[in-house]
Amino acid sequence: MKKTKRILKIVDSLVQQCFDSYGQLIDDRAERTVQSLAKLPGVYGIILLSEFSKRLKFEIAKTTLLLESVLPLPEQAVLQITQNFAKTRKVNQTDTLINPSLLGGLRVRIGDHIYDDSLVSKINELRKELEDE
Amino acid sequence: MNDILEKIQQSINALELNVVKQNVGVVTEAGDGVAKIEGLSEAQALELLDFGSLTAKGDSEQVQGLALNLEQYSVGAVILGDFTKVSQGMEVRTTGKVLEIPVGEGFLGRVVDSLGNPLDGKGKVKAQDYYPMEKAAAGVIARKKVSVPLQTGIKAIDALIPIGRGQRELIIGDRNTGKTTIALDAIINQKEVICIYVAIGQRGAKIAQLVAKLEETGSLNHTIVVAASASSPASMQYLAPYAGVTLGEYFMAQGKDVLIVYDDLSKHASAYRQMSLLLRRPSGREAYPGDVFYLHSRLLERAARLNEDFGGGSITALPIIETQAGDVSAYIPTNVISITDGQIYLESDLFYAGVRPAMNVGISVSRVGGDAQTKAMKKVAGRLKLDLAQFRELAAFAQFASDLDPATKAQIERGRRLTEVLKQPPYSPVPLEEQVAILWAVTNGFLDGVKVEDAKVYETEYLKTLRLKNKDLLESIANKQDLDDKIIEDLTKFSKKFTEEFGGING
């Protein structure tokens, strides 16, 4: 069975209905939608459920701020970064992640955007410049 | 050593390392040189993508790709490089750059791939600049009429199907009919014109042979070879012609003349079809995507002659198309025929009959025509075309030669000698003045008394004697580019004397 445009449109509208006007996820509505889709027969249900889950994750990620750093960030710093980002976009959730491969600095991810101020990216940029020379 | 360290220090100080903003996605499907990526909501069409994460050691596992399909929640990309390194779950980032390649004088004499990376083992090429691969062709205002000839050194072409600088002339024919040889002869004959040979889907051995021939004839110094062989991924074969014309545009912008050969666009269309089908684009006639015409039209439109306000440079394109069983009405051949300013049609029958170049003069055409010929060549070509046209009409009666009237017989005999003189061995371009001299001799009947089988010998000796004993006559033709009364008088005197002596030697 193909993922026709009609099916994808249905999934999009189901996903939109799981968020309120502030962009916050309505948990029980999302849960009910998943249960209803799971009850659908055969391939139809599997495709709709899979697409719904993908789109829902994408929409949640759009308003989730992920802060990657080498060492744990102080709460004040996390709050300040969240407030700064909230000025230009919706931020419903902030997560932190310890990532030693950054070597230093900070990497912020929201949705599919990354703001990379890590040491490893600066080193690689420097390497590219020197290679071109 | 201190200088190097100082230079590195200066580079580091001059560098501005700001926060990098990138769009990121994740590979959901990968295989056969294409990848489907989720995310990348801000990717541009033809934007370069970096696959794989950076590591602190610097030996990044990064492979580059090109964003082609922009869908609502995903991006379809072709992988430029080793596609086996791309796997599901890999991170992909945008670079903010559309596809561009390095350009510059450093590329002359080099063999490079579709991204400008050297393939000849002679070290990295120093680039003068970076140009985008996709670029709009010059507008109407920037262009100038094609009026300067591009001498290929092949008598049949320079006399009958003349090519001008800035023209697109298609070379079309079945396999093994001499298409590449014509293009190569054209390159070998150039002195101040920059040449670019783009090999698309060719055998590696053939490309190596071609490069060796260019080196042997001293033509490699002013030639760039862009190679995407049959073993290259379809993405590299797709990009090769655009890389070639981008390299040419650098020289055109400096006011220079460029000759570019695309060998061949049939394989280019095949590679594009393969890529489009893997990207799940809708297929049309013969399974080609709907924009296969645009694939070639936007490429060939970039060949142009610019006016003085825009540098006065030019790019002349010689695209090559391989037909199957002589079918010029197939999809891709008809597309390219309608784009170009004429075609040179090569036939297998003529090739195996020994007529090489195997050009069918009847259906080959140059839409620029006499505008791209010198006055000297125009004067001999007019008569030549007429004689050949009459010969073609009478060719069917040639077998009844003994039953025909003298005028018809004479026409047939003249046509046979013309056909013999127009034959030419490969990699032996003939300068303009020698072409004019020998064609003048044959169209004025000086070979009528020579046996057909001796016509080539006559031609060889005629030109040899001219070069040795009447060099100033050749120089006059070359300098004046016209046949004035004095030159005609000298040619007549020389030709009479030579023909008598030749007749005497050959009984």
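Let's start with one residue: Arg467(B) is partly exposed, with a relative accessible area of 41% (partly exposed lies between buried, under 20% relative accessible area, and exposed, over 50%, using a 1.4 Å probe and protein chains only). This is a predicted model, so local features need pLDDT of at least 70, side-chain atom pairs count only at pLDDT 80 or more, and totals for chains, interfaces and linings use all residues. Residues are numbered from 1 along each chain as its sequence is written, chains are lettered from A and ligands numbered from 1 in the order in which they are written, and side-chain values use heavy atoms, with hydrogens and water left out.

**Salt bridges within chain B**

- Arg467(B) pairs with Glu434(B) in a salt bridge, at 2.8 Å from N to O (a salt bridge is a side-chain nitrogen of Lys or Arg within 4 Å of a carboxyl oxygen of Asp or Glu).
- Glu434(B) sits in helix α12 and Arg467(B) in helix α13 (residues 455–469) of chain B, so this pair ties together parts that are 33 residues apart in sequence (helices are DSSP runs of H or I with at least four residues, strands are runs of E with at least two, and both are numbered from the N terminus).
- Glu434(B) is buried, at 8% relative accessible area.
- Arg168(B) forms a salt bridge with Glu301(B), 3.1 Å from N to O.
- Arg168(B) belongs to the loop between α2 (155–160) and β10, and Glu301(B) to the loop between α7 and β14 of chain B, so the pair ties together parts 133 residues apart in sequence.
- Arg168(B) counts as buried at 7% relative accessibility, whereas Glu301(B) is partly exposed at 32%.
- Arg168(B) also meets Asp341(B) in a salt bridge, at 2.9 Å from N to O.

**Where chain A meets chain B**

- On the chain A side, 26 residues are in contact with 30 residues of chain B (contact means heavy atoms within 4.5 Å).
- The two chains bury about 2500 Å² between them, 54% of it on carbon and sulfur atoms (buried area is the accessible area, with a 1.4 Å probe, that two parts lose on being put together, summed over both).
- Asp112(A), His113(A) and Ile114(A) lose the most area in chain A to chain B, together 20% of what that side buries.
- Three salt bridges cross the interface of chain A and chain B.
- Asp116(A) forms a salt bridge with Arg93(B), where the closest N and O atoms are 3.2 Å apart.
- A network of salt bridges links Glu68(A), Arg107(A), Arg109(A), Asp116(A), Glu91(B) and Arg93(B).

- Chain B has 15 helices and 16 strands, and 54% of its 507 residues count as buried.
- Its C-alpha atoms fill a box of roughly 85 × 60 × 45 Å along the principal axes.
- The largest nonpolar core has 67 residues, of which Ile344(B), Leu439(B), Tyr458(B), Tyr462(B), Leu483(B) and Leu491(B) touch the most other members (a nonpolar core is a set of buried Ala, Val, Leu, Ile, Met, Phe, Trp, Tyr and Cys residues joined through side-chain atoms within 4.5 Å).
- Helix α12 (residues 432–443) of chain B gives the most to this core, with eight residues.
- A second, separate core of 62 residues includes Leu115(B), Met133(B), Ala142(B) and Ile315(B).

**An enclosed helix and a buried threonine**

- Seven of the nine residues of helix α8 (residues 331–339) of chain B are buried, so the helix is largely enclosed by the rest of the structure.
- Elements covering the buried residues of α8(B) include β10 (170–173), α6 (265–278), α7 (292–300), β14 and β15 (342–346) of chain B.
- Thr316(B) lies in strand β14 (residues 314–322) of chain B and counts as buried, at 0% relative accessibility.
- A polar atom of the Thr316(B) side chain lies 2.9 Å from the backbone nitrogen of Gly166(B).
- Setting aside neighbours within four places in sequence, the residues in contact with Thr316(B) include Leu150(B), Ile163(B), Val258(B) and Ile260(B).

Key
Polar contact = N/O pair within 3.5 Å; in protein donor to acceptor, adjacent residues only side chain to side chain.
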